[in-house]
Amino acid sequence: MNRPDDTCQADPMAFRGVGSGRRSRDRLVPVKILHTADWHAGRSLHGVDRTPEVRAALQELSELAMVRDVDLILVAGDLFDNKNPSADAAAAVYEFFVSTGQRGIPSVVIAGNHDSPGRLDAVRSMLELAQVHTVGWPRVASKGGTFDLARGGEVARIAALPFVSERRLVKLKDLMAQDAGQHRETYQSAMRKLVLNLSQGFGPDTINLLLLHTTMEGATLANSEYVFHSTETYTLKADVLPEQANYIALGHIHKPQTIRGVADHQARYAGSLLQLDFGEQGDAKGVVILEARAGRPTEILEQAPIRAGRPLRRVRLDADQLDGRTSELADFQGWLKLVVTLDAPRPGLKDRIRKALANVLSVEVEVPTADEEMHGGVDLERVSLTEAFTTYYLDDLGRALPDGLKVAFEELHEHVVEGEDR
C-alpha cells in the first residue's frame, strides 16, 4: 500500500496566482464562495438509482453558481457514493465541473470516505482543464496540501484535508495495544498535527480556507451517514480547527449545521445535496454561499436551497387505513417508505402495495409477537455494527467483548466496506 505523504508530489498547476505587496482592504471586492458537499452520485435507495436526481441537482447548482456570481466552489468530499462509481454517476459529476469551468468558476475538491482518493488524483490533470483542483490522498502543505488561488484581487490560501482513515494514522500494533479511548486520542493528535501543518501559512493578508471531511464533536447526524466513520473514534474537537481560518468548509455530515464551539460564520456543514435516506425526511437541502476578505470576518449570505431531488417520506399506518389513503400517497411527488402494522400476517400485501403505488420504495410489515417483544432486534440505522456485535457477544456469552477482539472486528468491517484503495 502506498503511503500518501511519501508518494505525493508538489502540485504544479497554475492555481498559484499570488499577488504581491500589501493591498488596501477597503478597495478589494469580497470573494464569493459556494460551499457544497456529499453529492453521493451513484447512490441507490432500495434498488432505485438516484443518479438522475443528482444530475438534476448538479445542473441546478451550476446555474445557481452563475446567477449568484460565485468566484470559487468548495466541494468538501463524497462526490460519489462508492469508490467504483458507475459511468453515469461519473458523467453527472464531470458534467458539472465542465459547466462551471466553462463559466470561469474554479473549484476545489477533496475526497470523502466514500470516494476513491487514488481515482480522484488520477484524473487531477484532466480536471485542471476545467479549473478544478482535486486532492485525493491527504498531503502535507509542502506536497500540495496547501496552495494559493488568486481571485478578485485577493489571494485565497486553501488547506485541503480529505478524509483520513484511522488505520492510516494509527498503526495496527498500536490499535491492538490500546483501548478505544486511547485510539481516539491518538487519532485526534495525528489530525491536529495535520491541520496545524496545513494551516501554518495562514496569515492576515490571505483569505484562509480549510476543507475538511470529518465528524466534529456535537454534530447532529442525519442517520444516513456511514455509521462507522461517524463514531467517537473519528470525532474531532473544535480546538483542532485553526483560529486563523476565515472559513472551514466541512463535509461528511448530511444535515446542514454550524459547529459547536466555533463562530457560526467561521465553520459549517453544507449538508448533502439530496435527501439520501429516510432518516433525512423533512430536511431542507442546499449549499452555503458566503463572502470572504483577508483580515475580515466572513459573511454568510445564505443557505441556498437545492430543490431538484425528490423528497423522502416515511409513513406509518394500520392496514385498515391503506384504502383510505391510497390516493393521498399516490399524489406524493417523492419516494415513500411504508410501515404497515398488522394483527396477523397477510401474504402478498407488499406486492399489492407496490403495484398500487409506484412511488413506494420500501414496505415494512410489523406483526407483533411475544418473541419480538422480548427480543426487539437491532436497528443498524441507529447503532453501529460494532455496537450490535458487542451486544450480541454479551447476550450470547455473558461477558463483555474483549478490547482486542473489538478492534479486530472494527478493522475487518472497515476493510470490507471501504476496500483497499491501491
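In strand β9, Leu 211 is the bridge partner of Ala 160. Strands here are DSSP E runs of at least two residues, and helices are H or I runs of at least four, numbered from the N terminus. The model is predicted: local features need pLDDT of at least 70, side-chain atom pairs count only at pLDDT 80 or more, and totals for chains, interfaces and linings use all residues. Residues are numbered from 1 along each chain as its sequence is written, and side-chain values use heavy atoms, with hydrogens and water left out.

Stay with β8. Six bridges join β8 to β9 (residues 207-213), and these two strands run parallel. Two strands count as paired if DSSP finds at least two bridges between them. β8 also pairs with β7 (residues 146-151), here in the antiparallel sense, again over six bridges. Thr 146 stands opposite Ala 159 of β8. β7 and β8 form a hairpin with two residues between them. Gly 152 sits in that turn, with a positive phi of about 60°. β8 itself (residues 154-161) is mostly covered, with seven of its eight residues buried (under 20% relative accessible area; exposed is over 50%, partly exposed in between; 1.4 Å probe, protein chains only).

Now turn to an open sheet of six strands. Its order is β6-β5-β4-β1-β15-β16, and its pairing is mixed. β6 (132-135) and β16 (299-305) stand at the edges; each has a single partner strand, so one side of each has no neighbour in the sheet. Neighbouring strands are turned by 20° against each other on average, direction ignored. Inside this sheet, β1 (residues 31-36) and β15 (residues 286-292) pair in the antiparallel sense over five bridges. Lys 32 has Glu 291 in β15 as its bridge partner.

Helix α2 (residues 51-67) packs on the sheet. The helix touches β1, β4 (72-75), β15 and β16, where contact means heavy atoms within 4.5 Å. The direction of α2 makes about 165° with that of β1. Axes are lines fitted to C-alpha atoms, for helices over the stretch in contact, and angles run from 0 to 180 degrees between N-to-C directions.

How do α2 and helix α3 (residues 87-102) cross? Their axes come within 9 Å and cross at roughly 5°. That makes α2 roughly parallel to α3 (under 35 degrees; over 145 is roughly antiparallel, 65 to 115 roughly perpendicular, the rest oblique).
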